[in-house]
Each structure stands twice: as C-alpha cells, then as structure tokens.
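Hi,

Here's the structure I promised to pass on.

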Amino acid sequence: MTELLEQAIIKLKSLPASQQNSMATMILEELEDEQRWDEAFERSPDALALLAAQAMAEYRAGQTQQLDPDTL
C-alpha cells in the first residue's frame, strides 16, 4: 500500500461510520467504473484505432475547431 493511500485511510478512520460508508461506496464505484472502461477498451482496440485515425484526418483537413472550456 502506498504512503498516500495509508494517509487517506487514517483520515477516513476518523470519520463517522456513515461518512466512511459513503466514501467507501464512492471508491468502490470508481474502481468498478475503471474496470468497465478497461474491459471496453480491451474489446475494441480496432474500433478505437479507427476512430482515432478519423479524428486525426479531420484535424489535418482543417475540419475541427478548438474548444473553449468557458462555452462548454
């Protein structure tokens, strides 16, 4: 276990049980979400490569525009 994770767990232990459970739920959901993304990417490397190639072709052809985070 990393030192940073150990520090986080020490702080979590000082919280009331309800907050500990809330944080644990968030962590577990995040880990499950990451696993689903990893599995999805593993199943579709060819599709992802095709999409990336298409996006780069559009960029090189000047068919894209820069996003402004303030207008998203």
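**What I found**

E30 counts as partly exposed because its relative accessibility is 44%. For that wording, buried means under 20% relative accessible area, exposed means over 50%, and partly exposed is in between (1.4 Å probe, protein chains only). Before you go further, note that this is a predicted model: local features need pLDDT of at least 70, side-chain atom pairs count only at pLDDT 80 or more, and totals for chains, interfaces and linings use all residues. Residues are numbered from 1 along each chain as its sequence is written, and side-chain values use heavy atoms, with hydrogens and water left out.

Back to E30, which sits in helix α2. Helices here are DSSP runs (H or I, at least four residues), as strands are (E, at least two), and they are numbered from the N terminus. E30 also belongs to a negative surface patch, together with E34, D38, E39 and E42. A patch is made of residues with over 30% relative accessible area and no salt bridge; like charges are joined within 9 Å, and nonpolar side chains (Val, Leu, Ile, Met, Phe, Trp, Tyr) within 5 Å. As for the charges, Asp and Glu count as negative and Lys and Arg as positive, while His and the chain ends are not counted. The place of a charge is taken as CG of Asp, CD of Glu, NZ of Lys or CZ of Arg. The accessible areas come from the Shrake-Rupley method with a 1.4 Å probe, and for residues only the protein chains shown count as cover.

Helices α2 (17-43) and α3 (45-60) are the elements that give two or more residues to it. Take F41, which lies in α2: its relative accessibility is 40%, so F41 counts as partly exposed.

The side chains of D33 and R36 make it, at 3.6 Å from N to O. Those two residues are three apart in helix α2, so about one helical turn separates them. D33 is partly exposed because its relative accessibility is 26%, and R36 is partly exposed as well, at 48%.

Now for α3. Its 16 residues should span 22 Å at 1.5 Å a residue, and the end C-alpha atoms are 22 Å apart, so the two agree. (The expected span is 1.5 Å times one less than the number of residues.) Just after α3, G62 takes a positive phi of about 75 degrees.

- A17, in helix α2, is exposed at 52% relative accessibility. Its C-alpha is 42 Å from that of L48, 31 residues away along the chain.
- E58, in helix α3, is partly exposed, with a relative accessible area of 40%. From E58 to N21, 37 residues apart along the chain, the C-alpha separation is 46 Å.
- R60, also in α3, is exposed at 66%. R60 and D70 are 10 residues apart in sequence and 25 Å apart, C-alpha to C-alpha.

Cheers

Conventions. A salt bridge is a side-chain nitrogen of Lys or Arg within 4 Å of a carboxyl oxygen of Asp or Glu.
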